[in-house]
Amino acid sequence: MARRHNQPRLVSADDPATSKRRNRVNLFELAYGRIEEMLVTCELSPGRFLALQDLQDLTGFGRTPVHNAVNRLAADTLIIIRPRHGLQIAPIDLARERLLLKLRRDLERFVIGLAAERAGPSHRNQMLHMERLLRERRAELTLAEFNILDRRIDQMVLSAAAEPFLEHTLRPLHTIFRRIGFIYHNYMPRRAGLEGTIDHHLAVLNAIATRHGDRAVAASDALIGFVDGMFDEMEAAIDPSLLDCSVEPLLNT
C-alpha cells in the first residue's frame, strides 16, 4: 500500500520549521508585552492615533508580531482599529471602566478562591516569598517596580488557580486597571503613596498562601474596593486630556 503523504510524523524540537514557529510566537508575546507596557505607562496616550508602522518603530519588532499583538489588544478593547485611518489607542471612559471593575470583582473572587483551594507547596512558597519582599520594600518601592511585581502576583495567582481560560479573561482587565493605577499615582493633584495598595496585595497573598479561602476572597473584595475609591477621586480631579489626548487642556496648562 502506498504511504499516505499526509500521514502524521513526529516533530523534533530542533526541526527548523518548529523553531521558526516558536520564534514567531515568542516575538508575538514580546511585541504584545512591550505595547501593553506602553499602554499602561501612557507612553501611548489614550486617544492617540497612529499607524502600524509607528508601533513597529516604537517597539523595534517587525510587521507580523506587531500586527498580531494589535489584533489581540483590539480584542482586549485597548486599541481601536480604524479602517482607512490606522489605529487609535482607546480613550479611557471612567464610567465604563468603573462598570468593568464590578466584572473584575466577581472574576477575581472566583480566581482567588480557586487559587487558595488549589495552591500547591511551590505556589505557596512563591507567594510567601513575594509577601516578604513586599513587606521589606514597602516604603521604598517605585511605581514601576510595583507594577512588575503586580504582574508577577497576577501570574502566580492564575497559575495556582490552574484554569487557563481565566488567564485570557482576566488579562485585559488587569491591564486596564494597571493603567488606571498608573494615572492615579502619577497625575492626581494629591499624589497618593503605594502603601495602601501594597497592604491590600499583602492580605491577598497571605490568605492564598495559608489556604484561607474565605479570607482570601474578603481580601480581594477589599482590594477592588480600594481601586473603586480611586475612581471617586479621578472623576472629580483628573485632567480630562490624560484620559483622551484629543481633549484640549484648559488654557494650555
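Author: Exposed means over 50% relative accessible area, buried means under 20%, and partly exposed lies in between. The model discussed here is predicted.

Reader: Is Glu 117 buried or exposed?

Author: Glu 117 lies in helix H4, residues 94–118. Its relative accessible area is 54%. The cut-off for exposed is over 50%. Glu 117 therefore counts as exposed.

Reader: How many Å separate the C-alpha atoms of Glu 117 and Ile 208?

Author: Along the chain, Glu 117 and Ile 208 are 91 residues apart.

Reader: In what order do the elements of the protein chain run?

Author: The chain holds 9 helices and 3 strands. Read from the N terminus on, the order is α-β-α-α-β-β-α-α-α-α-α-α.

Reader: Among contacts between residues at least 6 apart in sequence, what percentage join residues at least 24 apart?

Author: The protein chain has 253 residues, and 43% of them count as buried. For contacts between residues at least 6 apart, the share joining residues at least 24 apart is 74%.

Reader: Are H5 and H6 roughly parallel or antiparallel?

Author: Helix H5 covers residues 121–137 and helix H6 covers residues 143–161. Their axes are 10 Å apart, at an angle of about 160°. Angles over 145 degrees count as roughly antiparallel. H5 and H6 are therefore roughly antiparallel.

Reader: Is the crossing of H5 and H6 left-handed or right-handed?

Author: The H5 side of the contact includes Met 127, Met 130, Leu 133 and Leu 134. Among the H6 residues they meet as a group are Leu 149, Ile 153, Met 156 and Val 157. Where H5 passes H6, the crossing is left-handed.

Reader: Which residues does Asn 147 touch, not counting those up to four places away in sequence?

Author: Asn 147 has its place in helix H6. Its relative accessible area is 8%, so Asn 147 is buried. Beyond four places in sequence, the residues it touches are Val 40, Arg 178 and Phe 182.

Reader: Within what arc do the buried residues of H2 fall?

Author: Helix H2 spans residues 52–59, and its buried residues are Leu 52, Leu 55, Gln 56 and Thr 59. They line one face of the helix, because the view down the axis of H2 puts them within an arc of 105°.

Reader: Where is Arg 84 found?

Author: Arg 84 is not a glycine, yet its phi is positive, near 70°. Most residues other than glycine have a negative phi. With 81% relative accessibility, Arg 84 is exposed. Its place is the loop between strand E2 (79–82) and strand E3 (86–89).

Reader: Where is Arg 211 found?

Author: Arg 211 is not a glycine either, and its phi is positive, about 60°. Its relative accessibility is 43%, so Arg 211 is partly exposed. Its place is the loop between helix H8 (195–209) and helix H9 (213–237).

Reader: How many disulfides does the structure hold?

Author: A disulfide is a covalent bond between the sulfur atoms of two cysteines. Cys 42 is buried, at 14% relative accessible area. Cys 245 is partly exposed, at 39%. The number of disulfides in the structure is 0.

Definitions and conventions: Residues numbered from 1 in each chain as written. Predicted model: local features only at pLDDT ≥ 70, side-chain atom pairs only at ≥ 80, totals over all residues. Heavy atoms only, no water. Buried < 20%, exposed > 50% of the residue type's maximum accessible area, 1.4 Å probe, protein only. Helix = DSSP H or I, 4+ residues; strand = E, 2+ residues; numbered from the N terminus. Arc of directions from axis to C-beta. Disulfide = S-S within 2.5 Å. Axes fitted to C-alpha atoms, helices over the stretch in contact; angles between N-to-C directions. Parallel < 35°, antiparallel > 145°, perpendicular 65-115°, else oblique. Left-handed = near helix turned anticlockwise from the far one by under 90°. Contact = heavy atoms within 4.5 Å.
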